[in-house]
Amino acid sequence: ASPVAATGVQVDGSEVRLNADRPAEGTYTLVDSSRPMYAAAGGQIRTYDAQRANYKDLVGGPVADSVPLVTSPTDRFDGANTDSGAVDAHLNAAKVYEFYKNELGRDGIDGKGGSIHSVVNVSNGGNDYANAFWDGSKMVYGHMDGVPLSVGLDVVGHEMTHGVTEHSAGLVYLNQPGALNEAISDYFGNAMEVEDKGVSMDDPKSGLVGEYLCNGTKPLEECALRDLNDRRNAQRDYEPITLDIDNGGVHYNSTIVGGALWDLRKSIDPQLADRIVYRAAQNYLTPLSGFTDMRNAATLAARSLKVSEAELAAVGKAFGVHGIVK
Ligand code: ASN
Ligand code: ZN
């Protein structure tokens with residue numbers, strides 16, 4: 001590998017520095033092997049372009065062998081590499097890596113400095129695939145109304161956190177454990193985004209998931225995928241219901257517990273909240289944990305972090321307000 005500094009143009013037009021590789025004269029690839037913790041383990045951040053291949057053909061498998069790495073003839077990644085979402089995916093994966101390392105002391109998705117793979121530009125049989133997912137070993141991104149899903153740091157953080165959860169709590173993707181899995185992904189994705197963009201926790205928009213995918217035709221609150229500030233679900237009681245779709249409603253019930261976690265982040269020092277939620281997920285959850293288990297896990301994590309009585313009370317309050325009682 002021959003690491004080089006490259007330039008990228010994001011979908012929003014901004015120019016950014018990217019860590020890339022130059023495997024041969026006149027060939028640059030989106031392979032980042034620059035991070036110190038990676039260097040020891042040999043891990044890399046690698047970004048691939050599916051070139052509109054069907055997302056279904058890319059599910060599973062440890063490496064995206066079936067699609068090419070993102071390449072450019074120069075050290076500038078723009079044009080098609082911007083439109084595919086590759087630049088945003090590569091940069092945002094690095095931001096998520098740095099958040100986990102600097103805030104939480106975690107070395108990547110597997111915690112061991114292993115490689116991080118993203119595949120952008122998948123389609124749904126030639127049409128836009130308006131979603132993103134973690135497939136057990138990599139992130140996969142399509143386009144929503146022409147906008148690559150990878151532009152959202154909250155989306156990228158959400159998908160990578162599914163990987164972190166798979167390598168730790170192992171929450172089953174069904175019913176309450178699945179909704180809790182979703183909530184933890186929403187929480188960290190949004191935490192990363194508000195930190196990166198300098199959004200105040202008091203700003204009601206802080207809780208929106210996927211709002212950077214919106215093209216302005218609808219109000220942000222309507223267009224966003226979810227709202228951790230719960231305004232959208234204000235009328236609903238906090239009783240989880242089992243749906244016939246969506247693995248029992250994992251994306252519907254998630255905001256019950258996700259709202260509690262986000263309330264906690266608004267009511268105490270946000271970085272302390274991040275450490276509590278992370279420690280709860282790492283140390284006190286098991287694959288079948290539900291919402292009450294998360295309340296107990298957060299309480300145990302907070303205690304072990306020696307928080308104050310007021311902070312401990314804030315944990316109880318955040319869950320209690322969302323109908324999650326002892
Ligand atoms: N974007 C969705 C998620 O990560 C994909 C899915 O339904 N698993 O939650
Ligand atoms: Zn998810």
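This is a predicted model: local features need pLDDT of at least 70, side-chain atom pairs count only at pLDDT 80 or more; totals for chains, interfaces and linings use all residues.

Reader: What makes H8 roughly perpendicular to H9?

Author: The axes of H8 (residues 270–283) and H9 (residues 291–304) cross at roughly 115 degrees and come within 8 Å. Angles of 65 to 115 degrees count as roughly perpendicular, so H8 is given that label relative to H9. The crossing of this pair is right-handed.

Reader: Which residues of H8 and H9 meet?

Author: From H8 they are Ile276, Val277, Arg279, Ala280 and Asn283, and from H9 they are Met294, Ala297, Ala298, Ala301, Ala302 and Ser304. Sorted by class, this contact has 8 nonpolar, 2 polar and 1 charged residues.

Reader: Why are H3 and H4 called oblique to each other?

Author: H3 (residues 86–104) and H4 (residues 153–166) pack at an angle of about 60 degrees, and their axes are 9 Å apart. Roughly parallel needs an angle under 35 degrees, roughly perpendicular needs 65 to 115, and roughly antiparallel needs one over 145; the rest count as oblique, and therefore H3 and H4 are oblique. Their crossing is right-handed.

Reader: What residues make up the contact of H3 with H4?

Author: Ala89, Asn92, Ala93, Lys95 and Val96 in H3 meet Leu153, Val156, Gly157 and Met160 in H4. By class, the contact divides into 6 nonpolar, 2 polar and 1 charged.

Reader: What makes S6 and S7 the edge strands of the open sheet?

Author: The sheet has 5 strands in the order S6-S3-S2-S1-S7, with mixed pairing. S6 (71–72) and S7 (76–77) each pair on one side only, and they are its edge strands. H3 packs on this sheet and touches S1, S2 and S7, its direction making about 100 degrees with that of S2.

Reader: How do you know that S1 and S2 pair?

Author: Two strands pair if there are at least two bridges between them. S1 (residues 3–9) and S2 (residues 15–24) have 7 bridges, in the antiparallel sense. Among the facing residues, Ala6 has Leu18 in S2 as its bridge partner, and Ala5 stands opposite Asn19 in S2. The two strands form a hairpin with 5 residues between them, and Gly13 in the turn has a positive phi of about 95 degrees.

Reader: In what sense do S1 and S7 pair, and over how many bridges?

Author: S1 and S7 pair in the parallel sense over 2 bridges. That meets the requirement of at least two. Gly8 stands opposite Phe77 in S7.

Reader: Why is S8 described as mostly covered?

Author: S8 (residues 116–120) has 5 of its 5 residues buried. Ile116, Ser118 and Val120 point one way, His117 and Val119 point the other way, and all are buried.

Reader: Is Asn121 buried or exposed, and how do you know?

Author: A residue is buried if 20 or more other C-beta atoms lie within 10 Å of its own; Asn121 has 26, so it is buried. Asn121 is in the loop between S8 and S9 (123–124).

Reader: What makes the phi of Asn121 worth a remark?

Author: It is near 70 degrees, a positive value in a residue other than glycine. Most residues other than glycine have a negative phi. Asn247 also has a positive phi, near 50 degrees.

Reader: Where is Asn247, and why does it count as partly exposed?

Author: Asn247 is in H7 (residues 246–267). It has 17 C-beta neighbours inside 10 Å; buried needs 20 or more and exposed needs 12 or fewer, so Asn247 counts as partly exposed.

Reader: Why does Gly146 count as exposed?

Author: Gly146 has 11 C-beta neighbours inside 10 Å, and 12 or fewer is the cut-off, so Gly146 is exposed. Gly146 lies in the loop between S13 (143–144) and S14 (147–148). The C-alpha atoms of Gly146 and Ala183 are separated by 27 Å, the two residues being 37 residues apart along the chain.

Methods. Residues are numbered from 1 along each chain as its sequence is written. Chains are lettered from A and ligands numbered from 1 in the order in which they are written. Axes are lines fitted to C-alpha atoms, for helices over the stretch in contact, and angles run from 0 to 180 degrees between N-to-C directions. Helices (H or I, at least four residues) and strands (E, at least two) are DSSP runs, numbered from the N terminus. A crossing is left-handed if the near helix is turned anticlockwise from the far one by less than a right angle, and right-handed if clockwise. Two residues are in contact if their C-beta atoms, placed from the backbone, lie within 7 Å. Ala, Val, Leu, Ile, Met, Phe, Trp, Tyr, Cys and Pro count as nonpolar, Asp, Glu, Lys and Arg as charged, and the others, Gly among them, as polar.
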